[in-house]
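My notes are kept in the order of the look-ups.

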Amino acid sequence: MKKYACLLLFALLLNGCDDGDLTVDSIDFDKVTATSCDTTNTLLYKLKDRESLLLQLAPNSLINNPTPEGLPVTYDIKDDSQYRVVYRAYDGTVGVPNICGIIPPKTPNVIEEWLGTGGKIEITTTQITSAPSEVDGSTRVTGYNHNIVFKNITFSKPSGPQVEQEYIFGDYKITITPTPLTFAKPEEAGECPLLNQVYNYNAAFYIMLQNFDQSLFKNEATPAGQPRIGTISATQNNVVYRTLTGVALNKDYFCQAIAPTNPAVKETWNGSSGTVEVTTQIAGTIVQHTIVIKNVTLVKGNSSFKLGNNFALGTVTKSTN
């Protein structure tokens, strides 16, 4: 509902401004933090005592994926499009209800308005990462920072057009919940022998070692302190981490040639570099392969985080009978 209210507000913003006696030569919101009306991030705003700076974006314009250096995401500014910039001055204190309210208050009144009629919006995105864990060196993605700049923006204002070669709107930060990495049964890894896969999971994610080197899982005990070691790559011993949405994940999801469509895959992260170590113990007819993933960085697009120096995937237990 708020999303539609914000879009409606933009339509209202363009009607019936009284210039009054105020003349504004420049606008300065450098020390003001950008905020959004809702989680769709289609209307960002900055507020001062009697001023507002509004940026309307089309849905999904803020992409949570770091931009390559020197290659920001760009959008054209037009006063009749989904990418609009509006500055307003008021005759009283302006608040969030004036910007995001379903029914905006009648006061304060707008006494000056600038409309962006040309130029570009440039968005440079960087990843926000947690500090490395003191225990295992692991990190997590905790959010994204979107630095927004207007280039060659033309403002239509009461005294005539004004062009700014560069106007820095500033940073807008999106906080995300770090990816879950706690298994339902930490010690119990599963195996799909016909697919060369071992895995562990929780209700909403799984980590899988696929296309594994079969020599890592020989039914022979390894000497103490001497696990079998394989290199993780894109073609062999590759690590995949997926989050899912829908019904709770269970063991029936795995070991199928075609994965079920429910739960659906939400995100896929692929392991980059690192090693996998397998320690094998034998007791009678019972064989146990304990799998540890070391120094793996998981990558999705331009985002990445460290899984940790020693990440236990679990133990595959089977009988030789």
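The entries below go from set-up to salt bridges, disulfides and strands.

**Set-up**

I am working with a predicted model, in which local features need pLDDT of at least 70 and side-chain atom pairs count only at pLDDT 80 or more, while totals for chains, interfaces and linings use all residues. Residues are numbered from 1 along each chain as its sequence is written, and side-chain values use heavy atoms, with hydrogens and water left out.

**Entry 1: R88**

I looked up R88 and found it in strand β5, residues 84-90. For the element names I note that helices (H or I, at least four residues) and strands (E, at least two) are DSSP runs, numbered from the N terminus. Is R88 buried or exposed? R88 counts as buried because its relative accessibility is 5%. The scale is under 20% relative accessible area for buried, over 50% for exposed and in between for partly exposed, with a 1.4 Å probe and protein chains only. The side chain of R88 makes a polar contact of 2.7 Å with the side chain of E113. A polar contact here is a pair of N or O atoms within 3.5 Å; within protein, one must be able to donate a hydrogen and the other to accept it, and residues adjacent in sequence count only if both atoms are side-chain atoms.

**Entry 2: salt bridges**

How many salt bridges does the structure hold? I find eight, each being a side-chain nitrogen of Lys or Arg within 4 Å of a carboxyl oxygen of Asp or Glu.

I took K151 and E122 up, with 3.4 Å between the closest N and O atoms of their salt bridge. K151 lies in strand β7 (residues 141-157) and E122 in strand β6 (residues 110-129), so this pair ties together parts 29 residues apart in sequence. K151 has a relative accessible area of 24% and is partly exposed. E122, at 21%, also counts as partly exposed.

K151 has a salt bridge with E166 as well, where the closest N and O atoms are 3.7 Å apart. That pair links distant parts of the chain, with E166 in strand β8 (residues 160-175) and K151 in strand β7, 15 residues apart. I read a relative accessible area of 45% for E166, which is partly exposed.

Another salt bridge joins the side chains of K318 and E191, at 3.7 Å from N to O. Here K318 sits in strand β19 (residues 311-319) and E191 in strand β9 (residues 190-192), 127 residues apart. K318 is partly exposed, at 27% relative accessible area. Going back over shared partners, I noted that E122, K151 and E166 are joined into one network of salt bridges.

**Entry 3: disulfides**

I counted two disulfides, using the cut-off of two cysteine sulfur atoms within 2.5 Å. A disulfide is a covalent bond between the sulfur atoms of two cysteines.

C37 and C100 form one of them, with sulfur atoms 1.9 Å apart. C37 is in the loop between β1 (35-36) and β2 (43-47) and C100 in helix α2 (residues 96-100), 63 residues apart. The link of C37 and C100 is left-handed, with -80° about the S-S bond. Both cysteines, C37 and C100, are buried.

C192 and C255 form a disulfide with their sulfur atoms 2.0 Å apart. C192 belongs to strand β9 and C255 to the loop between β13 (238-245) and β14 (264-272), 63 residues apart. This link of C192 and C255 is left-handed, at -90° about the S-S bond. Counting bonded cysteines along the chain, I get the pattern 1-2, 3-4.

**Entry 4: a sheet**

I traced an open sheet of four strands in the order β12-β15-β16-β19, with antiparallel pairing. Two strands pair if DSSP finds at least two bridges between them. The edge strands are β12 (228-231) and β19, each pairing on one side only. Neighbouring strands of this sheet are turned by 20° against each other on average, direction ignored; the axes are lines fitted to C-alpha atoms, for helices over the stretch in contact, and angles run from 0 to 180 degrees between N-to-C directions.

How many bridges join strand β16 to β19? Eight do, and β16 (residues 286-294) runs antiparallel to β19. T290 has T315 in β19 as its bridge partner.
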